[in-house]
Amino acid sequence: MSLDKFPEDFLWGGAIAAHQAEGAWNRDGKGISVADVMSGGKHGSERVITAGVIDGMYYPNHDAVRFYDHYKEDLEYFSEMGFKAFRTSIAWTRIFPKGDEAEPNEQGLKFYDDVFDECIRLGIEPVITLAHFEMPYHLVEAYGGFGNRKCIDFFTNFATVCFERYKHKVKYWMTFNEINNQTNYKSDFALFTNSGLRIHDDSERERAMYQAAHYELVASALAVRIGHKINPDFKIGCMVAMCPIYPNTSKPEDVMLASVAMQRRLYFADVHARGAYPRNMIAYFERKNFNLDITDVDLDILSKGTVDYIGLSYYMSFTIANPHDNPQFDYDESRMLVKNHYIKTSKWGWAIDPVGFRYALNWLYDRYQLPLFVVENGYGEHDVIKDNTISDDYRIDYLREHIIQMKHAIVEDGVEIIGYTTWGPLDIVSAGTGEMSKRYGFIYVDRSDDGTGTYKRIPKSSFDWYRNVIATHGDVL
Ligand code: P53
């Protein structure tokens with residue numbers, strides 16, 4: 001084993017999600033997903049969730065960036081950059097338009113056959129997320145989303161159909177995208193996108209989140225087991241948003257709260273990786289009298305469906321200070337996070353912290369000793385187009401600094417990493433805000449926040465830069 005550089009078979013690439021890229025929201029039998037009922041928003045104002053699709057309302061994901069029609073051109077660009085891997089999700093509503101049907105929609109299945117065939121033709125490994133913030137809206141209306149145990153079956157049906165259909169085309173899978181994002185349970189967006197929950201009584205929100213997350217963890221463990229039976233060569237991972245949380249000061253209360261905050265945000269990965277709830281969470285559920293519906297059968301399922309790797313996104317670190325009225329060290333993300341004065345932030349307030357990336361990779365690898373797969377990292381920024389060119393040096397700087405830290409983690413710290421897919425290699429609709437103008441891509445898409453534009457693709461200066469990074473195995477950054 002040589003640890004002096006990125007491994008030869010390292011999977012360099014990029015990642016998108018179906019609902020943020022494809023568009024074609026109601027074509028070829030596709031049903032309405034939770035992403036299809038969210039308006040546009042911006043930094044500081046959350047996207048509005050409507051009761052179904054309302055006539056005359058603007059929904060940025062309906063057209064997204066028309067990957068559905070442009071996928072050949074887009075994959076060709078990725079191939080030109082030398083991508084070894086391409087991560088996307090399968091829109092659940094293309095396969096099961098309402099979510100509770102007995103039979104899948106053949107036209108939806110066919111679309112992903114075409115996409116994966118094209119990837120394979122280009123020598124690009126598809127890396128597939130099953131649920132990326134796009135559950136069928138019908139499951140929300142008729143069942144209350146993952147607040148209802150029945151969604152476990154609907155998800156495992158969906159997973160089974162996908163595993164069977166694509167078993168010779170896809171090896172790398174993930175069950176739920178950023179399953180831990182809903183730890184921010186005070187946000188309607190986080191609860192709705194992850195779990196299809198609409199909770200109006202504030203005192204119910206935290207318990208509802210833990211209950212839904214439990215059903216998701218069970219659904220994920222079942223899917224892992226089903227997948228391994230269908231093809232023992234499958235590598236099935238979980239996916240967590242890794243935002244390491246630093247104490248604001250060396251005051252012991254801040255340090256203790258930071259530790260508790262990490263427990264709360266990452267227990268999802270504990271369950272996925274170890275097949276059991278950590279004792280700190282069991283103690284917490286008891287102290288809060290949550291009385292969650294967690295059965296012995298569930299616990300057995302969890303123990304038999306552990307993941308093969310830890311998928312993670314890394315964008316930013318958090319910093320936390322313990323308020324005086326919190327001697328019991330409860331974690332409230334909406335109230336306790338503070339600005340870290342050592343770190344600059346993006347226009348959307350996201351801390352730019354490359355060393356935090358190295359710290360995060362070490363933290364996860366120390367804890368699980370499972371291979372990591374960095375399936376999202378990137379920099380959202382307004383781009384300026386001038387004479388048909390886009391100079392995005394700020395994006396190159398962000399990615400370079402993060403890749404350097406990832407290299408340190410591999411070479412100096414011995415962390416095992418399967419690959420690295422940047423977020424949004426093609427500009428796509430922002431999940432958090434629904435904006436088009438929060439761009440991540442190496443490839444510009446001519447579309448504005450209100451959906452107008454030619455949808456033409458134009459490589460930015462980062463395109464050539466990333467191509468060279470891949471061509472030199474990360475030697476030239
Ligand atoms: P956008 C919050 C914090 C960290 C990651 O995000 C997040 C979010 C949700 O906004 O989401 C992930 O588009 C997610 C992607 C998303 C990407 O990060 O809000 O997996 O779907 O687009 C970037 O800038």
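**Around the ligand**

Start at Asn177, where an N or O atom in the side chain is 2.9 Å from an oxygen atom of the ligand; a polar contact here is a pair of N or O atoms within 3.5 Å. This is a predicted model, where local features need pLDDT of at least 70 and side-chain atom pairs count only at pLDDT 80 or more, while totals for chains, interfaces and linings use all residues. Residues are numbered from 1 along each chain as its sequence is written, and side-chain values use heavy atoms, with hydrogens and water left out.

Glu178 also has a side-chain N or O atom 2.9 Å from an oxygen atom of the ligand. For Ser430, a polar side-chain atom lies 3.1 Å from a ligand oxygen atom. On its own the ligand exposes 480 Å², and the protein buries 93% of that (areas by the Shrake-Rupley method with a 1.4 Å probe).

Now look at the whole shell. The ligand is surrounded by 16 residues, with Gln20, Ala431, Gly432, Lys438 and Tyr440 the closest (each has a heavy atom within 4 Å). Sorted by class, that shell has 7 nonpolar, 6 polar and 3 charged residues, with Gly counted as polar.

What about the aromatic rings? The structure holds 44 aromatic pairs, meaning Phe, Tyr or Trp rings (for Trp, the six-membered one) whose centres lie within 6.5 Å. Phe146 and Phe176 make one that is edge-to-face, 5.6 Å centre to centre with 80° between the planes; edge-to-face means planes over 60 degrees apart. This pair links distant parts of the chain, 30 residues apart: Phe146 is in the loop between helix H5 (137-143) and helix H6 (150-165), and Phe176 is in strand E4 (residues 172-176). Helices (at least four residues) and strands (at least two) are DSSP runs, numbered from the N terminus.

How values were computed
A polar contact is a pair of N or O atoms within 3.5 Å; within protein, one must be able to donate a hydrogen and the other to accept it, and residues adjacent in sequence count only if both atoms are side-chain atoms. Rings of Phe, Tyr and Trp (its six-membered ring) pair if their centres lie within 6.5 Å; planes under 30 degrees apart count as stacked, over 60 as edge-to-face and the rest as tilted.
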